[in-house]
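Open the model in your viewer and get ready to select. Two stops follow.

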Amino acid sequence: MARRADVPTVSRAQVLAHRVVAHGLDRTARDADDLAVVDLGLQDSPAGAAVAALAARLPGGPARAPAVPGDWLLVWSVRGAPHHHRRSDLQALARALWPADEADAAARIAGTSPEMRAAGLGALGALRATAEAMAAVVTGPTVKGDASTLVTAAAPEGCSAWCRGCQVVHVQDQLMRLAALPAGLSIDPGTSPPVLRPLSRWAGVPAGHEGGGAVIDAYLRVHGPATPGDVAAYLQTTQRAVKPDWPDGLAEVRVGGRRAWLPEDRLDDLLGAPAPDLVRLLPRSDPWLLARDRELVVPGKAHRKALWPVLGAPGGVLVDGEVVATWRTRAAGGKLDIVVAPFGTLPARVRRAVDDEAALVAAGRGAVDVRVRYGD
């Protein structure tokens with residue numbers, strides 16, 4: 001974290017303008033693989049969110065419905081959430097996301113359970129045992145529930161716990177999710193419950209943590225300038241786990257009185273970012289909404305509460321770099337209703353643009369008709 005003698009101060013508006021371009025929301029990318037956000041993967045929860053994120057970034061129209069490229073695969077990756085990644089990135093990603101030590105593993109799993117401690121496994125040992133069991137027993141397409149039963153029987157007892165929802169003892173869900181990619185398992189898109197499938201030519205469960213700096217660099221390129229705390233929160237771990245992987249070649253800036261960093265070769269882009277002029281419908285797990293400096297992304301406390309509730313988060317309407325409304329969908333019989341809840345008055349030009357963006361969302365979902373309504 002080398003500090004320049006002349007650390008520039010940048011405004012919130014500059015940061016957001018820079019992110020619009022870094023995220024590809026200016027629609028200058030030729031195709032999905034050109035988008036920098038793909039280096040982190042596109043989260044797909046709920047199913048279809050990744051397609052909506054692509055619709056917000058790629059040129060085209062309703063006649064050119066966005067789609068996830070055929071050589072991407074769906075896996076449980078960052079925070080155990082389903083993400084689409086390039087197939088070629090998965091082996092390195094599995095090593096980069098493998099915990100660096102016991103404390104890192106416990107943070108990612110959301111704690112070391114009493115069962116893990118009683119078995120003498122710890123969080124890291126439980127993760128390895130679960131990954132090895134998954135690799136051994138999931139040898140073909142397997143529904144998640146069946147995979148859970150097989151892994152529960154094959155893994156040490158400390159990997160399982162009583163599940164109040166299922167009313168049975170089975171392998172802990174977050175443990176299973178975090179172990180799936182290291183075990184070389186993908187998810188068949190569009191399956192509910194998820195169907196797990198072994199990846200061909202998988203090199204096996206990682207021997208240890210390696211290459212975490214590449215993930216941090218990718219985060220800083222699309223969500224920067226950012227702090228170690230932001231990156232740690234995104235990865236669901238601690239700053240202590242992140243700092244050994246903190247990349248070289250970063251530029252320091254000050255944003256709202258705090259120190260933050262981004263790759264040095266992006267500093268000029270930040271300082272000279274053009275003012276954005278666009279309207280986009282961002283799905284609820286869009287990369288824009290996954291940045292961890294939420295107070296910068298959405299300054300109003302009430303608006304943050306509306307955008308990131310405890311359960312059932314909506315999408316966001318992005319206008320010129322600002323989230324100005326939430327949106328939700330209701331589908332029935334091939335028709336799609338998009339219900340927009342503005343934070344304030346939306347000009348006529350924005351409402352017209354929302355109609356155009358709604359058509360892209362509908363095309364991505366295969367809807368034959370779409371209607372935009374405004375309400376609370």
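Start by selecting V215, I216, Y219 and L220 in α9, which meet D230, V231, Y234 and L235 in α10. Contact here means heavy atoms within 4.5 Å. By class, this contact has seven nonpolar, no polar and one charged residues. Ala, Val, Leu, Ile, Met, Phe, Trp, Tyr, Cys and Pro count as nonpolar, Asp, Glu, Lys and Arg as charged, and the others, Gly among them, as polar.

A note on the source: this is a predicted model, where local features need pLDDT of at least 70, side-chain atom pairs count only at pLDDT 80 or more, and totals for chains, interfaces and linings use all residues. Residues are numbered from 1 along each chain as its sequence is written, and side-chain values use heavy atoms, with hydrogens and water left out.

Now show both helices whole: α9 is residues 212-223 and α10 is residues 228-235. They pack at about 110 degrees, axes 11 Å apart. That makes α9 roughly perpendicular to α10 (65 to 115 degrees).

Next, select the open sheet of five strands, in the order β12-β13-β14-β15-β16, with mixed pairing. Strands pair if DSSP finds at least two bridges between them. β12 (279-282) and β16 (369-374) stand at the edges with a single partner strand each, so one side of each lacks a neighbour in the sheet.

Zoom in on β15 (residues 335-342): six bridges join this strand to β16, and the two run parallel. Pick V339; opposite stands R373 in β16.

How values were computed: Axes fitted to C-alpha atoms, helices over the stretch in contact; angles between N-to-C directions. Helix = DSSP H or I, 4+ residues; strand = E, 2+ residues; numbered from the N terminus. Parallel < 35°, antiparallel > 145°, perpendicular 65-115°, else oblique.
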